[in-house]
Amino acid sequence: MSMIDIVKAKARSDVKSIVLPEGDEVRTVEAASILMKEGLARPVLLGDPVKIRETAEGIPCDIEGIEIIDPATSPKLSQYAELLYELRKAKGVTREKADELVRDPMYFGIMMVKTGDSDGLVSGAVHTTGDMLRPALQIIKTKPEMKIVSSSFLMDCPNKDIGENGLLVYADCVVMPDPTAEELAYIAVAAADTARKLCGFDEPRVAMLSFSSKGSAKHALVDKVTSATRIAKEIAPDLLVDGEMQFDCAIVPEIGKSKAPGSPVAGRANVLIFPDLQAGNIGYKITQRIGGADCFAVLQGLNRPCNDLSRGCSVEDIVNTVAMTAVQAQG
Ligand SMILES: CC(C)(COP(=O)(O)OP(=O)(O)OC[C@H]1O[C@@H](n2cnc3c(N)ncnc32)[C@H](O)[C@@H]1OP(=O)(O)O)[C@@H](O)C(=O)NCCC(=O)NCCS
């Protein structure tokens, strides 16, 4: 079974409600129809019901039974505005501003997730990463045990000899441009959690990547990775995490043995932590474009699951991301 088939089977086992703030966007409407038909989630579309139905007719697709909520006329508006005001008044949000913000489907959707009216949120077919991430960070915040929000990319590689039968988790490839050593340690712990929950890895083996393996090079950038490795071991003493190590040392058994002898991770890593966003973002695209891997992105560390799409996403990408969000919502 491919990684995404494993995720979909999990999503079907305990169906969650996922709100889609870009509810009248054509790919989103079609994805909602598929999600409902395949029992992957209970999608909730936000927007003008007339426009959403017209969009569905134009595709055409069946949206019978899918909940549609128009934030502009919802009876929840004042409850959400009051809560938003309470949460953000210290940051300068007035009651009037809160009234205005909750009419925006993105904020309305985030408030649905915050209050438990929906189990998770997916957007990004129209909005940028920042448009969704900022309200999620401000309102939903991080899990109590996590200091930061970051991302993991689940890479399904054609070479089944690497990682976990070809599956690797890469982090962080989207959120934290230049993490400190402590933040990098939290990214590693969160990625191991994602590997367990979403990919079903029984034993995440986390490699902290660098251009140096076990002291082969000296540089302040390498020191950051060795500090992050030490901190990750302190935060999660039972986690198999090791570094610093080069990419080949992490995934090629013979090179792992020669460059990091005795390491419980080297040569057999299934979770790869990049030292910063430039490395992570470039790394996943190389694996995808040259390595031929399928890749699936999720945010990790948020107190309730919200995920971002690329604006160039396909209907299938939306379906997959909602399925992953639903599994994250299963707790
Ligand atoms: C994540 C991101 C959107 C935050 O935006 P920002 O404008 O820097 O946000 P701010 O610094 O104003 O922070 C907003 C709130 O989020 C919190 N926050 C910011 N980054 C956070 C993180 N990674 N984890 C947890 N909280 C975070 C801040 O503490 C702040 O909370 P507060 O308002 O309650 O004090 C920004 O870091 C970013 O753009 N990252 C790169 C995204 C990107 O372009 N990726 C490539 C796309 S593929």
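Axes here are lines fitted to C-alpha atoms, for helices over the stretch in contact, and the angles between them run from 0 to 180 degrees between N-to-C directions.

**View 1. The whole protein, shown as a predicted model.** In this predicted model, the protein contains 13 helices and 11 strands. Its radius of gyration is 21 Å, close to the 20 Å that the globule rule gives for 331 residues, so the protein is as compact as a globular protein of that length. The C-alpha trace spans about 65 × 45 × 30 Å along the principal axes, and 51% of the 331 residues count as buried.

**View 2. An open sheet of five strands.** Read across the sheet, the strands follow the order β3-β2-β1-β4-β11, and their pairing is parallel. The edges are formed by β3 (67-69) and β11 (306-308), each of which pairs on one side only. On average, and with direction ignored, neighbouring strands of this sheet are turned by 25 degrees against each other.

**View 3. Strands β1 and β4, with helices that pack on the sheet.** Strand β1 (residues 17-20) and strand β4 (residues 120-123) run parallel and are joined by two bridges; Val-19 has Leu-121 in β4 as its bridge partner. Helix α7 (residues 129-140) packs on the sheet, where it touches β4 and β11, and its direction makes about 165 degrees with that of β11. Helix α2 (residues 26-38) lies across β1 and β2 (42-46), and it runs at about 155 degrees to β2.

**View 4. The place where domain 1 and domain 2 touch.** The protein is divided into domain 1, which covers 3-141 + 302-329, and domain 2, which covers 150-295. The C-alpha centres of domain 1 and domain 2 lie 31 Å apart, and the contact takes seven residues from domain 1 and eight residues from domain 2. On the side of domain 1 that touches domain 2, the elements that give two or more residues are α1 (3-13) and α13 (315-329). By class, this side of domain 1 has five nonpolar, two polar and no charged residues.

**View 5. Helix α6 and the residue just after it.** Helix α6 (residues 105-115) is mostly covered, since 10 of its 11 residues are buried. The buried residues of α6 include Pro-105, Met-106, Tyr-107 and Phe-108, and Lys-114 is also one of them. Just after α6 comes Gly-116, which takes a positive phi of about 85 degrees.

View 6. A residue is buried if 20 or more other C-beta atoms lie within 10 Å of its own, and Gly-280 counts as buried because it has 28 C-beta neighbours inside 10 Å. When its neighbours within four places in sequence are left aside, Gly-280 is in contact with Tyr-170, Ala-171, Asp-172, Cys-173 and Phe-274. Gly-280 and Met-106 are 174 residues apart along the chain, and their C-alpha atoms are separated by 27 Å.

Technical notes
Residues numbered from 1 in each chain as written. Predicted model: local features only at pLDDT ≥ 70, side-chain atom pairs only at ≥ 80, totals over all residues. Helix = DSSP H or I, 4+ residues; strand = E, 2+ residues; numbered from the N terminus. Rg over C-alpha atoms; globule rule 2.2 N^0.38 Å. Buried ≥ 20, exposed ≤ 12 C-beta atoms within 10 Å, placed from the backbone. Pairing = 2+ DSSP bridges. Contact = placed C-beta atoms within 7 Å. Domains from an automatic or database assignment. Nonpolar A, V, L, I, M, F, W, Y, C, P; charged D, E, K, R; others polar.
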